[in-house]
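Here is a short briefing for a reader who is new to this structure. Please look over the sequence and the 3D view before reading on.

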Amino acid sequence: MSDYRVKITIRNERILKLIEDKGFVSVKSFADTYGLAYQQLGELIAGKVKPFTDKGKMVLVCEKLLEILDATLEDCFTERQLQGFNKRSFEIKVKENELRQIVNPTKNQEQKLIEQQAKNKIRYAIEMGLKPREAAMLKMKFGFDDGHEHTLEEIAKIFSVSRERVRQIITKAQRKMQHPHIMRQILQTGADEVFNIKNLPSHLKRVKQEDDEKLNDYMDPDDFLDLCHLKNTNKLN
């Protein structure tokens with residue numbers, strides 16, 4: 001379930017940046033200052049008007065813009081932008097955390113790294129606590145490998161079993177994952193904070209409370225990963 005519907009409107013960032021660098025806070029004030037037709041300039045920036053006509057002649061507003069900005073065509077347009085856009089706005093549905101990532105791209109990269117680290121540790125916990133097929137199905141169900149949450153039907157086709165059989169295996173795997181030892185490994189990744197999970201199930205709350213009270217008695221997540229590596233190495237030997 002998505003939380004927001006976001007409308008994305010295409011605008012040429014290269015041109016806008018050059019205009020801002022000249023000290024203008026809006027395209028309108030820039031157009032008024034230099035006597036440019038605001039509507040035509042706006043359409044050029046939005047990609048509605050292409051820099052060249054079908055006969056290959058540069059449109060007047062683009063010619064004047066390049067002269068005022070003292071910029072080349074390559075400074076202002078990518079190869080794709082030179083072709084213009086038939087559709088210039090799009091709507092997408094996003095979740096709360098996805099919206100935060102969109103409005104703060106720098107934090108987005110940091111958040112992605114933190115989330116990936118947490119996912120890697122959860123993946124190890126899943127692989128250590130379950131049989132290979134159980135682990136594979138559970139990871140596919142929740143998108144731990146490729147970021148895509150697969151349906152029961154999709155998983156069933158991949159493993160050549162019925163949808164009901166997939167449901168049974170995943171249900172059993174989830175029960176196994178509720179073992180206190182496995183839950184501790186997952187909670188120690190900080191996944192509940194990384195993924196902003198505010199309402200933990202009762203059995204997770206109980207384990208988390210016990211860990212908060214006796215934190216030093218449990219295995220460090222990095223030690224747990226070393227153990228995972230050792231176990232996998234032993235399997236190969």
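This is a predicted model: local features need pLDDT of at least 70, side-chain atom pairs count only at pLDDT 80 or more; totals for chains, interfaces and linings use all residues.

Residues are numbered from 1 along each chain as its sequence is written, and side-chain values use heavy atoms, with hydrogens and water left out.

- Helices (H or I, at least four residues) and strands (E, at least two) are DSSP runs, numbered from the N terminus.
- Buried means under 20% relative accessible area, exposed means over 50%, and partly exposed lies in between (1.4 Å probe, protein chains only).
- Helix H9 covers residues 152-159, and its buried residues are Leu-152, Ile-155 and Ala-156.
- These residues cover an arc of only 105° around the axis, so they sit on the same side of H9. The arc is that of the directions from the helix axis to the C-beta atoms.
- Lys-157 and Ile-158 are exposed on the other side of H9.
- H8 and H10 are among the elements that cover the buried residues of H9; contact here means heavy atoms within 4.5 Å.
- Helix H10 runs over residues 163-177, and its 15 residues should span 21 Å at 1.5 Å a residue. The expected span is 1.5 Å times one less than the number of residues. The end C-alpha atoms of H10 are 21 Å apart, which agrees.
- Val-166, Ile-169, Ile-170, Ala-173 and Met-177 are buried in H10. Seen down the axis, the buried residues of H10 fall within an arc of 95°, so they line one face of the helix.

**Salt bridges**

- The structure holds 8 salt bridges. In each, a side-chain nitrogen of Lys or Arg is within 4 Å of a carboxyl oxygen of Asp or Glu.
- Lys-17 and Asp-21 form one of them (3.0 Å, N to O). Both lie in helix H1 (residues 13-21), 4 residues apart, about one turn of the helix. Lys-17 is partly exposed, at 38% relative accessible area.
- Asp-32 and Lys-28 form another (2.8 Å, N to O). Both are in helix H2 (residues 27-34), 4 residues apart, about one turn of the helix. Asp-32 is partly exposed at 47% relative accessibility, and Lys-28 is partly exposed at 38%.
- Lys-139 and Glu-127 also meet in a salt bridge (2.7 Å, N to O). This pair links distant parts of the chain, with Lys-139 in helix H8 (residues 132-142) and Glu-127 in helix H7 (residues 105-129), 12 residues apart. Lys-139 is buried at 9% relative accessible area, whereas Glu-127 is partly exposed at 31%.

**Surface patch**

- Ile-8, Phe-90 and Ile-92 form a nonpolar patch on the surface, with about 220 Å² of accessible area together. Patches take residues with over 30% relative accessible area and no salt bridge; like charges are joined within 9 Å, nonpolar side chains (Val, Leu, Ile, Met, Phe, Trp, Tyr) within 5 Å. Areas come from the Shrake-Rupley method with a 1.4 Å probe; for residues, only the protein chains shown count as cover.
- Ile-8 lies in strand E1 (residues 4-9) and is partly exposed, at 39% relative accessibility.

**Positive phi angles**

- Most residues other than glycine have a negative phi.
- Asp-70 is not a glycine, yet has a positive phi of about 55°. Asp-70 sits in the loop between helix H4 (60-69) and helix H5 (73-76), and is exposed at 71% relative accessibility.
- Ser-160 has a positive phi near 55°. Ser-160 lies in the loop between H9 and H10, and is exposed at 67% relative accessibility.
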